Protein chains: 2
Amino acid sequence: MAQAEKLTTREENFSDWYVELVRRAKLADYSEVKGCMVIRPHGYAIWENIQSVLDKMFKETGHQNAYFPMLIPESYMRKEAEHVEGFSPQLAVVTHAGGGKLEEPLVLRPTSETIINANFAKWIQSHRDLPVLVNQWANVVRWEMRTRLFLRTSEFLWQEGHTCHATEQEAQEETLRMLEVYRRLAEEWMAMPVLCGQKTESEKFAGAVSTYSIEALMQDKKALQAGTSHNLGQNFAKAFGTQYQGKDGQQHHVYQTSWGVSTRLIGALVMTHSDDKGLVLPPKLSPVQVVLIPIGKKEAFVFSLEACKNIHAELLSKGIRSKLDEDESTSPGFKFHEWEMMGACLRIELGPKDLAKRQCVLARRDNAEKQVVALEGVAERVVEQLEAAQRDMFIRAQKFVADNTFVVNSWEEMCEKADAGFLLAHWDGEAATEALIKQELGLSTRNRPFNLPQEKGLCVKTGKPSVGRVVFCKSY
Amino acid sequence: MAQAEKLTTREENFSDWYVELVRRAKLADYSEVKGCMVIRPHGYAIWENIQSVLDKMFKETGHQNAYFPMLIPESYMRKEAEHVEGFSPQLAVVTHAGGGKLEEPLVLRPTSETIINANFAKWIQSHRDLPVLVNQWANVVRWEMRTRLFLRTSEFLWQEGHTCHATEQEAQEETLRMLEVYRRLAEEWMAMPVLCGQKTESEKFAGAVSTYSIEALMQDKKALQAGTSHNLGQNFAKAFGTQYQGKDGQQHHVYQTSWGVSTRLIGALVMTHSDDKGLVLPPKLSPVQVVLIPIGKKEAFVFSLEACKNIHAELLSKGIRSKLDEDESTSPGFKFHEWEMMGACLRIELGPKDLAKRQCVLARRDNAEKQVVALEGVAERVVEQLEAAQRDMFIRAQKFVADNTFVVNSWEEMCEKADAGFLLAHWDGEAATEALIKQELGLSTRNRPFNLPQEKGLCVKTGKPSVGRVVFCKSY
């Protein structure tokens, strides 16, 4: 068996490294349909793990799943002015169906605020029907000119939450509650630290009153918007007539929110933790937490395999996602590389000498540490090391963000640090200034982090007054 | 609160009863987009329960989930001759995207054999890559002129399994293995007896070598095809060049299968068990297994509510899907009707007199039986009654099928029994005869059941020789 070809390194070309890795680790592949991807089983298994974490948190916060049509009458899209302006360039349109031309073209949902409001308007009559808290897991289509696996594809999978409330305050609380759910997913499961904060006016969702995001920093020091939560106010409610009769007997428009994360998160996971040998995945989300590799030839292999089978069964019984690599035709070295590529969190090596000493080797993927452990109690060691890997990956990622976050106080510093990571800078709050900074340095505002003390200052670009720093960064 | 309006009864108009029930029980609703439905939370929760049962069985039989693009180049559809002929009339076509006309139109997947084979052809090189066992949970679009909620909609949700094997025999085994998974879902979870068997040539999937189905009998004595499993042979493999290098060093086309069930199953569930008061759902799939209704006014209500809360907490802790109806503004009678409509399997009524005697009333939805049980040990009684309801519903449904299945030996009998249910009749195996019977009596062949002894006979229509009986029925 030939040694697997090496990946382009991150330093050589981060973008090539990323795409090669996604394909070599069998996470996803391009399809012949422009901009659309195939999510392969190893990639989809990560998505299923993310889904299961999120779905549980959605239900714990009172949400129910539902499903709305993918096809939206074109006229619906035009009912909310900002919304249509924002999404028009990305729409895919069905003009023919069932052998004939449609009377009205149907667009493939780029997001479902419009079709959902058309139904909410029918379901909601009274204040007793509120709040309405629904979520849907779905595919959406936003036509893209330049695509990259997981990060930007014409069709992608996501969840979109849609809620209706009687008051502005409840809607705002919901908006922030769901942002916090996303933060927990990112930090506690993906081991990916994020900045929680509010987007600027020009970066907010088309049709929202305000948009909040979680922003992560990739290893190439570019930001990635990993999730958004929108306070929609009454914009869509007014466009679609979504009203309720209040306790006062009067009709009122509902206050709404929407929030979503997508398969883009898999790209974020890859770019946060992986290395030049392949995937590094946090144990809580990795499809393969442990891989067992029996060492030896012929009879020795059989003995090693038997011992590995016992450990494998014990790990499975403890709910650990364990894999036994029984293939006798490839060398242990080949298998090591293969499973490093696939992001198995822990590797257990066990050969005849180990067996004689009732021990095995435990190797961590995230930091390459190896230790010899007794077969007695190996499952406990595995659990400890998985927990340690999860924790250490988050700490390392936090350190990376800290090391690449800078307070910037002048335009010279902005220019100098344009590729350096998160830049905390004063800005005058003008969309024109924001556009200018983007144009000159490729830096966009990410968000205004909640945990950043808001002291006054002067805009790094114009010198005009600023109410507080925002985060600038190059971004995906 | 007004008494809820009654449903049209099944006897008055089965079709009206069905649609009214689906809407009143908040399972689903039509959308403004022709033929597309909204699956509401109560309906989607049933789908989630079905998904979770199936997904577990798919994984236990070695399958992994993946996701393939929804948009398929029109040219792909034309590669397999029967396939394009079968699906052409139902295709929805995207002609414009991103503000311009597409070079090649893209169809919305009616099923994914073509796009999946385009990828399998790249993934599979050697016999070591086989078998490939994947499944996807997805939406599909088949444009329909006449639609009915869940039963026939232009967009629906389903799962589609797609597998590749080295040999014809393995593919055939897989085809039948997955049909058995569907049978188990139908009988053990849905409490819906089914006939497992092979479809005739004219009823098989467009592009398959052979198609097998599970067929259920609805309360109006019409059949519903509830799931299909196809042996695709090498048809798609040859059309797309899906080949592997065998141990013999030669290239071979793979043998394939595909199999699917859809949200149509929810319609089948409704039409198998429900009654004129509303939904009757098997406990294993019902979103609400128990509803607790505190009885009494003012202070008495508070005491009843407290006692109900204790039971509710205990039921939840045992993993029972329990619901506590705390609303003080509606009467117990109103709530009884409401929860009968929604298909709550068991109702617990508890008032001040019950409380004094440390007891409560347990009422079953499926057979309307009521019993008084002690509060001590009520959770055990609930578990027993849920199991009993699941079992009894299946037995009743089995009896219904037995009572409405007839051996038919002449054309006169066929005419007489055309609306009577499953008809076991000899048929000469000719598509023309099949078409004639359909045209004259509206009866189609459902399948040739595995468990039906195949004795020779004479066709009821032509008198020509028959190799064995097939099942005829009017159908959805």
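Chain A of this predicted model exposes about 19,300 Å², of which carbon and sulfur atoms supply 49%; accessible areas come from the Shrake-Rupley method with a 1.4 Å probe, and for residues only the protein chains shown count as cover. Local features need pLDDT of at least 70, side-chain atom pairs count only at pLDDT 80 or more, and totals for chains, interfaces and linings use all residues. Residues are numbered from 1 along each chain as its sequence is written, and chains are lettered from A in the order in which they are written.

Keep chain A selected: its C-alpha atoms fill a box of roughly 80 × 60 × 45 Å along the principal axes.

Next, colour chain A by secondary structure. It has 14 helices and 26 strands, taken as DSSP runs (H or I, at least four residues, for helices; E, at least two, for strands) numbered from the N terminus.

Then select the open sheet of 8 strands in chain A, ordered β3-β7-β8-β14-β11-β10-β9-β23 with mixed pairing; two strands pair if DSSP finds at least two bridges between them. β3 (64-65) and β23 (448-449) of chain A stand at the edges, each with a single partner strand, so one side of each has no neighbour in the sheet.

Within that sheet, select β8 (residues 155-165) and β14 (residues 255-262) of chain A, which pair in the antiparallel sense over 8 bridges. Here A:Gly161 stands opposite A:Trp259 of β14(A).

Finally, show chain B. A rotation of 180° with 0.0 Å of shift along its axis superposes chain B on chain A (RMSD 0.0 Å), by least squares on the C-alpha atoms of residues with pLDDT of at least 70 in both. That is the relation of a two-fold axis. Select B:Val94, the residue of chain B whose C-alpha comes closest to the rotation axis, at 2.1 Å.

Notes:
Heavy atoms only, no water.
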